[in-house]
Each structure stands twice: as C-alpha cells, then as structure tokens.
Amino acid sequence: MRVLVDAHVHLTDGEYEGMEDIIADMLRRMGIIAVSVSMDIETGRKNLTLAEKHNDVIIPFVGLHPWCVNEKGDGSDYNERLENICSFIHSNIERIKGIGEIGLDRAIVKDEDEFKAQVKVFEKMLSIAERYDKPVSIHSRRAVDDVINILGSYRLKVLLHWFSGSKKQLAMANDKGYYVSYGPVLVYSKEKQVLLSNTTRDLILIETDGPVRYGSCFSNRMAVPSFLVSVAYAVANTLGIDYNSTTSMLLENSMRYLYDA
Ligand SMILES: [Zn+2]
C-alpha cells in the first residue's frame, strides 16, 4: 500500500477527544503516518502517550506554540512555561521525534513586548532542536520574514507549515532548503495552487492541520485523515503529474525531512 505522511496535525486537540483510537485506526487503514504536534507541556505529555500506544502510525513532536506564550490567566508567566517545557523535552528526548509546533504569530500580539516574548521562546526551541538534531515544525503567520531571519542562525531541518507567504518569501525559504506544507485549502484555492507550482518539488509536504475546519468542498467539517488523500490528489493535478508519482515524491520528501541527518 502507498503511504502518505500528514506532516502537521494536532491529534491531542480537545476536538478529537474520545476519537483517538478511531483516528489511529483510520490512519492505519488509509496508510497514513501522522506527525502529531503539540501546543504546550500538557498536549506534549498526551502526545507522547498517544504516540506510544499507536507507534506504527503516529510520530510525536513537542514544543511551545506562540499562542501559548502570550496567553495570560493561568498564573504563570511565559518564562516559567518555557523552563517547564525545556526540562520536559530534555528528560523525554528519546521519545520525542521533533520540535513543534513552534514559531511566531504577529496576528495575535498586542504590543512589541509580546512579540519579543514569542521570539525568546522560539529561539530557545530552535536551540534545543539543533542540540538534539531534531526536525522543527513552524508556524509563521504574518511573520515569515522574521522566522526566516531567525532561522539563519541555526542548522536545522525546517518545515514552514501551512505556508502563506508571498512568492518571494517562498523562494527565500526554498533557497535555504526549508520544506513547506500545503493543506486542504489547496483543493479549492487558486492562490495556494500558484504557490505550490512555484515550490521546489523536493521540498513539498502535505498536511491536514486537523482539527481545523475547512470550507468549500469540505463543508466546514473538522479535518480527519481522509482529507489528506484529497490534498495529495490536488498536488498531482496542480503539478500535472500522475497520482502514484506524486505520492512517491511526497513520501520521499517526508522521510528526508523526518529522518535524514
Ligand atoms: Zn498547527
């Protein structure tokens, strides 16, 4: 059976609660391997447990998401959260396959101080990834230039997930050898199809980013593994290559991103 890799999905999100075994069974039946990313220490912990139970189909990443840096109200400031996740990563490094979801998001910051906090956390996560030679899964909403600038100081295998930069930013990322991933939006968005056509083929990955809900033909339904097949098919159509060659290319890219030194 042909194997596809969902390069970025949140299997420990509350929306999937109670469905984890069904999702794992779907992955198995459809020949999909899921890279399950975390948001914080709680989802990181859940993720390692889930991936151990289904280690044939789930690859766990752990990291501190920019959305979890600026959030207030849990009594702990981000420095404490950062220290906690770093020690969690150090003590579980053998079980963790990559660092993510990490990154920057200018759309949610209220001031420059909040952005600086995101940068501090992001840099720390990158240095851990570099130290342990782990791939990273990066969120870069409205911050692609900032992310690319910061990444210049590290030697890492990088995925810019849900790539939504310009063609120029895409070229910069591809020049540096960074992977970019496309999700279900590719099925119905001309703009994404144009970006995909401009992407270096060796650097294309696909994802669902579940449990995100998608419009158009997906009728606002929550992403499940089967969506990935539609994304692979959209890649084949957009690039004008047959489905089997497309899935082989995507699998090779995924393995290089995840496992090559
Ligand atoms: Zn995500």
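**Chat about the fold**

Colleague: What share of the contacts with a separation of 6 or more is between residues 24 or more positions apart?
Modeller: It is 72% in this protein. Two residues are in contact if their C-beta atoms, placed from the backbone, lie within 7 Å.

Colleague: Where does the model come from?
Modeller: It is predicted: local features need pLDDT of at least 70, side-chain atom pairs count only at pLDDT 80 or more, and totals for chains, interfaces and linings use all residues. Residues are numbered from 1 along each chain as its sequence is written.

Colleague: How many helices and strands?
Modeller: Ten helices and ten strands. These are DSSP runs, numbered from the N terminus: helices are H or I with at least four residues, strands are E with at least two.

Colleague: How many residues count as buried?
Modeller: 45% of the 261 residues. Buried means that 20 or more other C-beta atoms, placed from the backbone, lie within 10 Å of the residue's own.

Colleague: Now the sheet. What is the strand order?
Modeller: β1-β2-β3-β4-β5-β6-β7-β8, an open sheet of eight strands with parallel pairing. Strands pair if DSSP finds at least two bridges between them.

Colleague: Which strands stand at the edges?
Modeller: β1 (4-9) and β8 (204-206). Each has a single partner strand, so one side of each is left without a neighbour in the sheet.

Colleague: And how many bridges join β1 and β2?
Modeller: Four, in the parallel sense, with β2 covering residues 32-36. D6 has A34 in β2 as its bridge partner.

Technical notes. A residue is buried if 20 or more other C-beta atoms lie within 10 Å of its own, exposed if 12 or fewer, and partly exposed in between; C-beta atoms are placed from the backbone.
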